Amino acid sequence: MAETNLQDRAAALLALHQPGNPVVLPTVWDAWSARLAVGEGFSALTVGSHPLADSIGKADGEVMSFDDLLTRVRQITDAVEVPVSVDIESGYGERPERLIEGLLDVGAVGLNIEDTVHKEGKRLRSSTEHAELVGQLRAAADAAGVHVVINARTDLFLRKDGDDADRVDRAIARLSEAAAAGADSLFPPGLADPEDLARLVSAVPLPVSVTVPADTADLAALTAAGVGRITFGPFLQGALSARAKEILGRWR
């Protein structure tokens, strides 16, 4: 894909992130699911590591290789004409330059990067270390001439890290540090309490991304909370799987 086209797609993806007017990025895992979502009128997509891994018979958590991921992402970007962001987990142990080069080469213009390091015993990066990685990814994207949209994630809530009492404050500090390093949006998965989510949204300097069940979450409530980006993680695939089991169950 030409650099100019990548630049345009990256700019279009970034412009969709509006606090209080959130972009919904359906989480897809193959060309079929991508075409399905685009056919329903969605203007951008995200590729989820968990459903993609499931679709090729592997576990989530960087059990598949970065090349496995890129192979599937290329199939998706070849199938649709919209911006695509990719969950690259904690980076697969690859250099930031390789991550950006690989994503751009297969036509992706955004990424999620988390602070759980799967290849190092699932340790949690320090806030400074995670911000440095975000900064290195931004520098690599700048060098490539495309403003890759970086969604910086912290797993403090999923891991139930440390004391409950100050976890939101620690997440605010951690995500704000990532913002200063060059992130474009901030992602605290597992932060389910509406009041805590609203407090975090109001305290950080960038749009906040949330992952919710596609079949039960309330768009109006999320909009009112001020989030800027909504994705479905493994939940859309899970909902489709449940419906498929109902259909197949008729034939047992």
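I started with Asp 184, which is buried at 10% relative accessibility (buried is under 20% relative accessible area, exposed over 50%, partly exposed in between, with a 1.4 Å probe and protein chains only). Before going on, I noted that this is a predicted model, where local features need pLDDT of at least 70, side-chain atom pairs count only at pLDDT 80 or more, and totals for chains, interfaces and linings use all residues. Residues are numbered from 1 along each chain as its sequence is written, and side-chain values use heavy atoms, with hydrogens and water left out.

**Asp 184**

I placed Asp 184 in the loop between α8 (167–181) and β9. Helices (H or I, at least four residues) and strands (E, at least two) are DSSP runs, numbered from the N terminus. Its side chain makes a polar contact of 2.5 Å with the side chain of Arg 138. For that term I used a pair of N or O atoms within 3.5 Å; within protein, one must be able to donate a hydrogen and the other to accept it, and residues adjacent in sequence count only if both atoms are side-chain atoms. Setting aside neighbours within four places in sequence, I found Asp 184 in contact (heavy atoms within 4.5 Å) with Leu 14, Arg 138, His 147, Val 148, Val 149, Ile 150, Leu 206 and Pro 207.

**Strand β8 and Asn 151**

Next I went to Asn 151, which sits in strand β8 (residues 149–153). Is Asn 151 buried or exposed? Asn 151 is buried, at a relative accessible area of 0%. Its side chain has a polar contact of 3.0 Å with that of Asn 112. Not counting residues up to four places away in sequence, Asn 151 touches Leu 111, Asn 112, Ile 113, Ser 185, Leu 186, Phe 187, Ser 209 and Arg 229.

Then I checked the whole strand. Five of the five residues of β8 are buried, so the strand is largely enclosed by the rest of the structure. Val 149, Asn 151 and Arg 153 point one way, while Ile 150 and Ala 152 point the other.

**Sheets**

I looked up the partners of β8 (two strands pair if DSSP finds at least two bridges between them). β8 pairs in the parallel sense with strand β5 (residues 110–113) over four bridges, and in β8 the bridge partner of Gly 110 is Val 149. Strand β9 (residues 185–187) also runs parallel to β8, joined by three bridges; in β9, Ser 185 is the bridge partner of Asn 151.

The open sheet here has six strands in the order β2-β3-β4-β5-β8-β9, with parallel pairing. β2 (27–28) and β9 are at the edges with a single partner strand each, so one side of each has no neighbour in the sheet.

I also found an open sheet of three strands, ordered β1-β11-β10 and paired parallel. Its edge strands are β1 (23–24) and β10, each pairing on one side only. β10 and β11 pair over three bridges, and the bridge partner of Val 210 in β11 is Ile 230.

**Ala 214**

Ala 214 is in the loop between β10 and α10. At 33% relative accessible area, Ala 214 is partly exposed. Its C-alpha atom is 5.8 Å from that of Phe 232, 18 residues apart along the chain. Leaving out neighbours within four places in sequence, I listed contacts from Ala 214 to Phe 232, Phe 235 and Leu 236.

**Pockets**

Which residues lie nearest the centre of the largest pocket? Of the 43 lining residues, they are Phe 187, Pro 189, Gly 190, Thr 211 and Phe 235. Elements giving two or more residues to this lining include β8, α9 (194–203) and β10 (209–211). For the search, a pocket is an open set of points on a 1 Å grid over the protein atoms alone, where a 1.4 Å probe fits, with protein on both sides within 12 Å along at least five of seven lines; lining residues have an atom within 4 Å of a point. I noted a volume of about 760 Å³ for the largest pocket, volume being the space filled by probe spheres set on the points, which are joined across faces, edges and corners.
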